[in-house]
Amino acid sequence: MRRPVFNPLAERYTLMSTHSSQSGQQFRNVERLVKGVPTSDGAGVRLTRVLTQNLQRRLDPFLMLDAFRNENPEDYMGGFPDHPHRGFETVTYMIAGRMRHHDSFGNSGLLGPGGAQWMTTGSGLIHSELPEQEQGLMEGFQLWLNLPAKNKMVAPSYRDIPPQAIPEFTTGDGVRVRVIAGSSHGLAGAVQRPDTDPLYLDVHLPAGSRFVQPIPSGHNAFIYTYRGSVEVAGTAVPDRHMAILANDGADAVSIGAHKEARLLVIAGRPLNEPIVQHGPFVMNTTEQIRQTLRDYQSGKFEAAAVQALV
Ligand code: CO
């Protein structure tokens, strides 16, 4: 089968065959490589915005992916002081370092290496995410996952997932797979979400190994390399790059590593609903955003929290 596929090396579309395995599985091609945009957020935390706003439609239901890896405390010490959210979910996954979070409902938790926090911001909360260390490496990711219109105003909730609560397995090839959400090779992950059916894997490939992950052909999918480079359907994906996987009808991704590598594999079912983002608020219409700003400015986010505590 030959289809026009964007060739990131040539920066144009070329005809490429859909790669297939002996079992008849079809493997997705790489549509585009994205390096991300260096930026700073919160109180001066340096990070790379990998999934930027212009990719929200293409990667629906995912709204944002930030990657941070800072050795210098000056680049992370400020953390993310009190700020509001409404209308989506945030998934924070730590590789190194410790982050303390507090929210306006009185919840608090400590996120450490290999752990995750899954927060449904729903109708709104105010929270802070602050480093709990003064030196050393701080590394991790924050992914924003949209909520369907019917759930945007649900009561906020969150789950701290310690490292040992994230299911993992090792393939015959020695590939270690941590299943944060969705399922992989029959192993259910820590979180399931029926509306968007998100898949979130942390995959560690030893040198010379290959990993195949089935992904429904209708789901939007990408990988992000955070240690070393990999190869996907003949395309080299360099270190610290997102590869958007083509929606080319294939039902799996095949990832190979010549040298040891680590990456995230993320996929989900698109919501196909309007997306209107204003900073930390993501709704379906501009009127809902206006209402959100009114609610925030009139102190409704705090009031909701006080109500939840009594
Ligand atoms: Co936040």
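Which residue is the bridge partner of T48 in strand 8? The points below take up the strands, the metal site, the pockets and the cavities in turn.

1. On the basis of the note. The model is predicted, so local features need a pLDDT of at least 70 and side-chain atom pairs count only at pLDDT 80 or more, while totals for chains, interfaces and linings use all residues. Residues are numbered from 1 along each chain as its sequence is written, and side-chain values use heavy atoms, with hydrogens and water left out.

2. The bridge partner of T48 in strand 8 is A67. Strands here are DSSP runs of E with at least two residues, numbered from the N terminus, and two strands pair if DSSP finds at least two bridges between them. Strand 7 and strand 8 run antiparallel and are joined by three bridges. Strand 6 (residues 37-41) also pairs with strand 7 in the antiparallel sense, over five bridges, and within that pairing T39 has L47 of strand 7 as its bridge partner. The hairpin of strand 6 and strand 7 has three residues between the strands, and G42 takes a positive phi near 60° there.

3. Seven strands form an open sheet in the order 5-26-23-28-21-18-17, with antiparallel pairing. Strand 5 (30-34) and strand 17 (168-170) stand at the edges with a single partner strand each, so one side of each is left without a neighbour in the sheet. On average, and with direction ignored, neighbouring strands of this sheet are turned by 20° against each other, where the axes are lines fitted to C-alpha atoms and angles in general run from 0 to 180 degrees between N-to-C directions.

4. On the cobalt ion. The protein donors are H83, H85 and H127, each through NE2, and they lie 2.1 Å from the ion. Donors are N, O and S atoms within 2.8 Å of the metal (3.2 Å for Na, K and Ca), and since water is not among the atoms, sites may look incomplete. The spacing of the donor residues in sequence is H-x1-H-x41-H. The pair of H85 in strand 9 (residues 80-85) and H127 in strand 14 (residues 125-131) links distant parts of the chain, 42 residues apart. H85 counts as buried because its relative accessibility is 2%, and H127 counts as buried because its value is 1%; buried means under 20% relative accessible area, exposed over 50%, and partly exposed in between, with a 1.4 Å probe and protein chains only.

5. On the largest pocket. The space in this pocket is about 460 Å³. On a 1 Å grid over the protein atoms alone, a pocket is an open set of points with protein on both sides within 12 Å along at least five of seven lines, a cavity is a set of points where a 1.4 Å probe fits but cannot get out, and lining residues have an atom within 4 Å of a point. A volume is the space filled by probe spheres set on the points, which are joined across faces, edges and corners. The lining of the largest pocket has 27 residues, and D41, R49, M64, Q142 and W144 lie nearest its centre. By class, this lining has eleven nonpolar, eleven polar and five charged residues.

6. On the second largest pocket. Its volume is about 220 Å³, and of the 15 residues that line it, T48, A67, R69, N70 and R240 are the closest to its centre. Strand 8 gives the most to this lining, with four residues.

7. On the cavities. The count comes to two cavities of 30 Å³ or more. The largest cavity has a volume of about 40 Å³, and its lining residues include V45, F68 and N70. Its lining divides into seven nonpolar, two polar and no charged residues. The second largest cavity has a volume of about 30 Å³, and its lining divides into nine nonpolar, no polar and no charged residues. In these classes, Ala, Val, Leu, Ile, Met, Phe, Trp, Tyr, Cys and Pro count as nonpolar, Asp, Glu, Lys and Arg as charged, and the others, Gly among them, as polar.
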